[in-house]
Amino acid sequence: MNKLIWKLLRQHISLSQLAGFFFANLFGMWVVMLGIQFYKDIIPVFTEEDNFINNNFLVVSKHITTVGTLSGRSNAFSTFDIDDVRKQPFCKKAGAFTSSQYKVSAAMAVNGAEPLNTEMFFEAVPDSFVDASAADWQYKPGNEEVPVILPRTYIALYNFGFAQSRNLPKVSDGLVGMIDMRIFINANGQHAQFKGKVLGFSSRLNTILVPQSFMDWSNATYEPGKTEDPSRIILEVNNPADSRIAQYMQQKGYDVEDNKLDAGKTTYFLKVVVSMVMLVGLLVSILSFYILMLSIYLLVQKNTQKLENLLLIGYSPNRVSRPYQLLTLGMNAATLILAFALLIVVRDYYMHVIGLIFPTIKRGSMLPALLTGGGIFVLVSIINIIAIRKKVMSIWNRKE
């Protein structure tokens, strides 16, 4: 019987109007889902926590200018500079970077593959600034193994420069234990070889970090009596977003090297852009909803006589409304499915591009986008069902 009712009511259906609703709703829902998914995928680039350096730690250096370089002015921090930073109300503690005073080279290979040979340098910070276990982050004179923390930028260069050009295995956090690192020190006629034990990668330190105990011992052993003022300092602050930090850095001509301050601004800007894109998508969805309701109203209006006859011979308003309600539910469901399929295709593309720039980024869940699309589907469908029901009821009431 429902098939007979549908045959009676499907006349006067405008395929162009329904197609307009479908594609408009598809575009709007896809834009909203894409905005949420893109934000969830890209935000870890700016907010990713470091496994070894606390988020409240800032790495500071002096701003390098052309005039300063030509004049030979030092960019190192004096004892007075460090003490002045420690006195600031936003600073909890401050420490200096200690640099290696000798020449270092290393050979790094993964799982026995062809090694990468390169010159490098070591730096160390006080152990209290490194979030690693005391058992792992220590060195005793005579040990052949030296704990090392590598910068993620260094690994990115290895993965997409050296390894990719030679079809070698790429390095990730899960392959840390497979890295074979040999360290060679040459200074004052002395030659030494150590095995580097890579503990992991840091995204906030652009240096090769070794324990302070190893740095003090090696400098005293291979370059005794040679010291330099630190070119960088690390400080722990109460709140990285404190406006006094930016004011002090600007006043002193210091740079925050890990871009912690800029990351907050970038995250805020990203939120604004994504919100605007999602607002456009919602507006398109709302317009498509009105297109559908207008089409349904016109269709019901054209079939008013048939609807009245069906109601007169005993059909209930619910049964008469059901074909139109099923039509809208079917179109809304098709829109959700197709929008999600398009989202998967587009996401695969932009995640591939992002992965080339940030190789350590992990794919997050698509559940937030799917739940958002499902929420739009449920909301629009409920409104459609209620509106169609009210329209048919108006005919029923007029019949009575």
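Modeller: Start with one pair of residues. Valine 60 has valine 256, in β12, as its bridge partner. Before going on, note that this is a predicted model: local features need pLDDT of at least 70, side-chain atom pairs count only at pLDDT 80 or more, and totals for chains, interfaces and linings use all residues. Numbering starts from 1 along each chain as its sequence is written, and side-chain values use heavy atoms, with hydrogens and water left out.

Now widen the view to the strands. Helices (H or I, at least four residues) and strands (E, at least two) are DSSP runs, numbered from the N terminus. Strand β1 covers residues 57-62, and its antiparallel pairing with β12 runs over three bridges. Two strands count as paired if DSSP finds at least two bridges between them. Strands of a sheet pair through backbone hydrogen bonds, in either a parallel or an antiparallel way.

Next comes the sheet. It is open and has four strands, in the order β2-β11-β1-β12, with antiparallel pairing. Axes here are lines fitted to C-alpha atoms, for helices over the stretch in contact; angles run from 0 to 180 degrees between N-to-C directions.

Contact means heavy atoms within 4.5 Å. Helix α4 (residues 79-86) lies across β1, β2, β11 (232-237) and β12. Its direction is at about 160 degrees to β2. Helix α7 (residues 243-252) lies across β1, β11 and β12, at about 135 degrees to β12.

A salt bridge is a side-chain nitrogen of Lys or Arg within 4 Å of a carboxyl oxygen of Asp or Glu. Nine are found in the structure. One of them joins aspartate 81 to lysine 62, with the closest N and O atoms 3.0 Å apart. Aspartate 81 belongs to helix α4 and lysine 62 to strand β1, so this pair ties together parts 19 residues apart in sequence. Aspartate 81 is buried, at 13% relative accessibility. Buried means under 20% relative accessible area, exposed means over 50%, and partly exposed is in between (1.4 Å probe, protein chains only).

Aspartate 83 and arginine 86 form it, their closest N and O atoms being 3.3 Å apart. The two are three residues apart in helix α4, so about one helical turn separates them. Aspartate 83 is partly exposed at 33%. Arginine 86 is also partly exposed, with a relative accessible area of 42%.

Now look at two other strands. Lysine 195 has a salt bridge to aspartate 180, with 3.7 Å between the closest N and O atoms. Lysine 195 is in strand β9 (residues 190-202) and aspartate 180 in strand β8 (residues 179-187), so the pair ties together parts 15 residues apart in sequence. Lysine 195 is partly exposed, with a relative accessible area of 30%. Aspartate 180 is partly exposed, with a relative accessible area of 30%. Elsewhere, salt bridges that share partners join Lys92, Lys93 and Glu236 into one network.

Glutamate 223 sits in the loop between α6 (212-222) and β11. It is buried but has no salt bridge. The nearest side chain of opposite charge is lysine 226, 4.8 Å away. Here Lys and Arg count as positive and Asp and Glu as negative, while His and the chain ends are not counted. Leaving out residues up to four places away in sequence, glutamate 223 touches Gln101, Tyr102, Ala187, Asn188 and Ser218.

A polar contact of 2.7 Å joins its side chain to that of aspartate 41. Such a contact is a pair of N or O atoms within 3.5 Å; within protein, one must be able to donate a hydrogen and the other to accept it, and residues adjacent in sequence count only if both atoms are side-chain atoms.

Finally, the whole chain. It has 11 helices and 12 strands. Of its 400 residues, 44% are buried. Among contacts with a separation of 6 or more, 82% are between residues 24 or more positions apart.
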